[in-house]
Amino acid sequence: MAKVTLSDEQNLEIMRHSCAHIMAEAICSIWPDAKLVYGPPVEDGFYYDIDLDEPIRPADFERIEEKMREIIKADKPFIRSEMPRSDALAKLAGDKYKTDNIKRADSDVISFYSNGDDFEDLCRGPHLPTTGKVGSFKIMSVAGAYWHGDPTQKMLQRVYGTAWPTPKDLDDYLHRLEEAKKRDHRLLGRQLDLFSFNESGPGFAFIHPRGMIIWNAVVDFWRSVHDKYGYQQVQTPVILNEQLWHRSGHWDNYKENMYFTTVDGVGYAIKPMNCPGLCLVYKTRQHSYREFPIRIAELGVVHRHEASGVMHGLFRVRQFTQDDAHIFCTPEQIESEIIGVIELTFEIYKAFGFEDFHIELSTRPQKHIGSDEIWETATNALENALKHKGIEYKINEGDGAFYGPKIDFHIKDCLKRSWQLGTIQLDFSMPARFGLVYTGKDNTEKTPVMIHRAVLGSFERFIGILIEHYGGGFPLWLAPEQARILPISQKSNDYALMVQETLRDAQLRVGCDLSNEKIGAKIARAHSERLPYMLVVGPKEAQFNTVNVRIRGDKKTKTVEIDEFLRTAKHKIADKKVDLAF
RNA sequence: GCUGCUGUAGCUCAGUGGUAGAGCGCGUCCUUGGUAAGGACGAGGUCAUGGGUUCAAGUCCCAUCAGCAGCUCCA
């Protein structure tokens with residue numbers, strides 16, 4: 001075997017995989033009844049799925065690690081042995097997990113790896129030469145995982161670990177994790193008083209005044225871009241007669257996730273989507289191809305009964321505000337409309353400095369409606385639009401909605417969990433179900449194409465993503481409190497209030513700390529609240545009509561005239577600058 | 001929904017069957033200051049909820065609710 005240097009990603013994976021085997025041996029020595037299922041390397045580490053009736057607890061991690069250290073210290077060689085598939089099946093008869101693994105393997109030769117005398121595991125390999133070559137590791141967590149990811153199958157115990165070439169690498173990684181956790185929007189949401197949740201409504205967010213400032217700043221920007229791209233805006237009801245949802249197909253396909261109520265003895269549903277309501281708006285009058293494309297946006301509040309275990313701060317809630325829009329157009333207009341949506345989407349993402357997102361194209365699923373021809377046209381339109389814009393994307397074969405293919409925009413949170421933001425979906429179902437028509441050039445009635453799209457996806461989620469993206473240190477245009485005036489002592493309070501009034505008159509969001517604290521304490525507090533600007537004022541500043549500007553993240557200060565501060569700040573707001581420097 | 005863990009003051013947490021604790025925050029007072037936390041005093045608790053065991057439960061057991069990690073799901 002080639003010498004392993006652990007200098008590249010591939011070797012790191014091998015080391016982590018070997019570490020998974022060592023952990024498996026350790027666990028089997030502690031719990032002889034444990035049955036091993038599958039133990040691959042993953043990003044930053046590895047896991048092993050184990051079938052064991054007794055739960056493995058965090059308190060057990062230490063003794064597992066202790067046992068692992070023994071195995072590593074013994075420096076036992078990893079030895080590969082091979083046999084034909086039939087022999088392997090015979091050898092592992094009775095072990096349903098490993099038998100299943102063999103059946104899923106594509107090779108005719110099945111390999112095993114042993115390290116030492118009493119541990120052997122079915123494995124494709126490769127591995128390190130000996131157990132002693134493993135670097136620094138730590139067991140991180142244990143959680144349930146269904147066998148084959150199938151909820152009808154038995155739930156296994158998945159033990160996660162992390163492994164790195166050196167102790168320093170491990171420490172750095174653990175440190176990075178700690179830093180990432182500090183950016184968690186759920187934590188910052190409380191610390192910065194942006195939003196909260198309450199047991200009275202699990203999954204329903206309470207947005208606080210400071211959170212609403214960010215929200216409204218995003219809405220203002222969102223609306224200006226949509227104006228520019230030719231969108232109109234509507235608002236449709238949250239509660240609508242149940243019959244509407246029978247017609248839309250939601251009753252048959254989405255009932256489990258919907259809330260229902262009764263009004264005057266009549267069944268009503270709380271909308272999980274905005275499209276049916278919009279279709280009713282469309283039908284209020286006749287339409288001609290001459291009006292197309294029609295682009296109609298709605299900041300629609302939708303409710304979806306998500307499973308209790310999937311809620312996650314603002315990222316996964318039961319009530320959220322979609323930045324929804326529907327485009328009605330002819331088949332010929334699909335591609336150019338898709339391109340328009342992509343351009344609009346990128347323009348909005350760019351304003352927030354998002355670079356790290358990826359795009360997925362989902363194609364026709366097994367269960368679908370509509371002809372093969374229309375699916376091909378639609379999928380080609382989406383694909384051509386992406387190619388036309390030179391955008392890289394991943395294809396999710398068969399992952400489209402039953403009514404049409406879709407493009408999704410995904411982004412990762414501070415702990416590398418992936419979340420969907422925007423989506424563009426072609427819908428072949430709704431216009432026909434609602435009998436939507438337009439008069440074509442040939443004076444016959446036709447069914448319009450409906451494009452359903454969201455750019456931010458959910459305002460709640462997007463605000464959460466922004467909090468993590470900026471780590472709570474918002475650019476000036478989004479900051480709930482853009483500057484705070486900090487008088488040196490109460491003798492300067494009058495001047496401080498005068499400066500505050502001047503800046504507020506100019507539409508800046510400015511606070512003033514009149515508390516009975518020393519300047520150091522006022523700065524520490526403003527700093528912990530991630531204020532962009534701290535304006536220290538005392539007798540010197542009052543004398544010359546200036547403020548001493550201290551910028552977030554910078555200990556240097558600069559004294560400028562009030563007007564100059566105002567001018568610079570206004571420019572940074574108008575240009576949506578992230579940089580606060582003067 | 002499933003598996004495991006957690007729930008004590010506004011927040012972060014200690015409390016190992018025998019009178020409810022700390023730091024921060026909050027209030028009042030002293031202090032009036034020059035760039036990351038000045039001092040004193042004080043208020044604040046049905047220990048998530050409901051049962052059970054026990055002479056005695058924040059602590060042990062059961063259930064429920066909520067949160068956390070992951071799985072599954074996500075039109």
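A nonpolar core is a set of buried Ala, Val, Leu, Ile, Met, Phe, Trp, Tyr and Cys residues joined through side-chain atoms within 4.5 Å. This report looks at such cores, and at some helices, in a predicted model.

The largest nonpolar core has 63 residues. Six of them touch the most other members: Val-218, Ile-338, Phe-352, Leu-466, Phe-474 and Leu-478. Helix H11 gives the most to this core, with 9 residues. Take Phe-352 as an example. Leaving out residues up to four places away in sequence, Phe-352 touches Val-218, Phe-221, Phe-462, Leu-466, His-469, Tyr-470, Trp-477 and Leu-478.

Now for helix packing. Two packed helices are described by the angle between their axes and the distance between the axes. The axes of H11 and H12 come within 9 Å. They cross at roughly 50 degrees, which means that H11 is oblique to H12. The crossing is right-handed. Both sides of the contact are listed here.

| H11 | residues 334-351 | Ile-334, Glu-335, Ile-338, Ile-339, Ile-342 |

Another helix, H10, spans residues 275-282. Is H10 mostly covered or mostly uncovered? H10 is mostly covered, with 6 of its 8 residues buried. The buried ones are Cys-275, Pro-276, Gly-277, Leu-278, Cys-279 and Tyr-282.

Key: Residues numbered from 1 in each chain as written. Chains lettered and ligands numbered in written order. Predicted model: local features only at pLDDT ≥ 70, side-chain atom pairs only at ≥ 80, totals over all residues. Heavy atoms only, no water. Buried < 20%, exposed > 50% of the residue type's maximum accessible area, 1.4 Å probe, protein only. Helix = DSSP H or I, 4+ residues; strand = E, 2+ residues; numbered from the N terminus. Contact = heavy atoms within 4.5 Å. Axes fitted to C-alpha atoms, helices over the stretch in contact; angles between N-to-C directions. Parallel < 35°, antiparallel > 145°, perpendicular 65-115°, else oblique. Left-handed = near helix turned anticlockwise from the far one by under 90°.
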